[in-house]
Amino acid sequence: MMYTQYLPTLHGGLESKKTTRQPKVVVLAIGSAALLSSVGLSTPSTAQAESACSIPNTIRLSDLSTISTSCSYKVSAIELPDGRQFPIPDPGYSVTLHTLVVEGEDSANDVSIDRSRSGEVTVLLGDAIAQAEIESRMNSSSTRASCTDSYNLLGFSWAGSYGWKYNSENQPSSSALDQLQAGGSRWGGFMSVCNTTLRSNATSKYQGTTSDTPLVNADLTCGFSIGGQSIVGFGPLPTGTLAATCTWRLLSLPVKSDQKYNSNYSWNVSLGCSGNVYDLRGVATHEMGHSFGLGHVDQSSGLVMKPASGPCETGQRDLGYGDALGIAALYP
Ligand SMILES: [Zn+2]
């Protein structure tokens, strides 16, 4: 599991990075126990109190202890060690970012920022690639689905369908939407894999087009949101990143999950695949897995939810055993 190695609560100190095979995890919190009992969810009526807060635009991880749980940070961002700036969620909200990277590329760290109802902020950085094996299913269009049984739950599921709208701006082809929908529908119904039949009630519901854009920024950060329509679309992301998904939660319930696919890469939208292109349906299956509530597993697993993909990896269209076990557990 990626995010289970919690360090004790720190106040302003950034744990030193270790280049081991363990996932890099950083946990930081603001505020103190003494404050928690007197601070509730922020409401519009706290505007006067907020005006008394001295709030910088950017708060470094090492400075988290200097800010108060009672202040709203709507216009402020947490600066991560790599320079990325994430908006600070409102109390009770959390946001997570997961990526799928090109095989062999360095991973941008996956990020989870959680703000408790009482205002404490917890930042988790998990380097999925650091724990990944080198082996993979590159060019595995003819191989069978993986029978590895691992999966990783992010801690949420949708009460009903995961409903999303599509922004066709920057799309590689008019067939792209079909591939995205196919990636979503892969996770529901009866799944026969590795001589076992499993069933899940996960449903991905396409709800039409929109001119709104996914709140997944080009610098691999998530925008500020308190929920709303989930949006899927194409746009620029850093080189090496094929796609990224941001999911916002309120008190652990998902309220929005946006997916962005990197418009700087060439995408395959056909049944077959050849050349130095990436299979949209396979990558969409992976991103939909994140939106449904699944996290990454080891690269060596060969499962859909491994963190990196190679060109024409059409094998990622099909759930492996662990993928099916995970979605069946989330949506029984
Ligand atoms: Zn991913």
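Two residues are in contact if their C-beta atoms, placed from the backbone, lie within 7 Å. The structure is a predicted model.

**Helix α5**

Helix α5 spans residues 321-330 and is mostly covered. Eight of its 10 residues are buried. They are Tyr 321, Gly 322, Asp 323, Ala 324, Leu 325, Gly 326, Ile 327 and Leu 330. What lies over these buried residues? The cover includes strands β8 (189-193) and β9 (196-200), together with helix α4 (280-292).

Strand β2 (residues 77-79) pairs with β3 in the antiparallel sense, over three bridges. In this sheet, Ile 78 stands opposite Phe 86 of β3.

**Confidence**

The average pLDDT of the chain is 79. A score of at least 70 is reached by 77% of the residues. Which stretches fall below 50? Residues 1-50 stay under 50, and residues 128-143 are also below that value. The model still gives both stretches contacts beyond their near neighbours in sequence.

| Stretch | pLDDT | Contacts in the model |
|---|---|---|
| Residues 1-50 | under 50 | 85 contacts beyond four places in sequence |
| Residues 128-143 | below 50 | 46 contacts beyond near neighbours in sequence |

Notes
Residues numbered from 1 in each chain as written. Predicted model: local features only at pLDDT ≥ 70, side-chain atom pairs only at ≥ 80, totals over all residues. Pairing = 2+ DSSP bridges. Helix = DSSP H or I, 4+ residues; strand = E, 2+ residues; numbered from the N terminus. Buried ≥ 20, exposed ≤ 12 C-beta atoms within 10 Å, placed from the backbone. pLDDT = per-residue confidence, 0-100.
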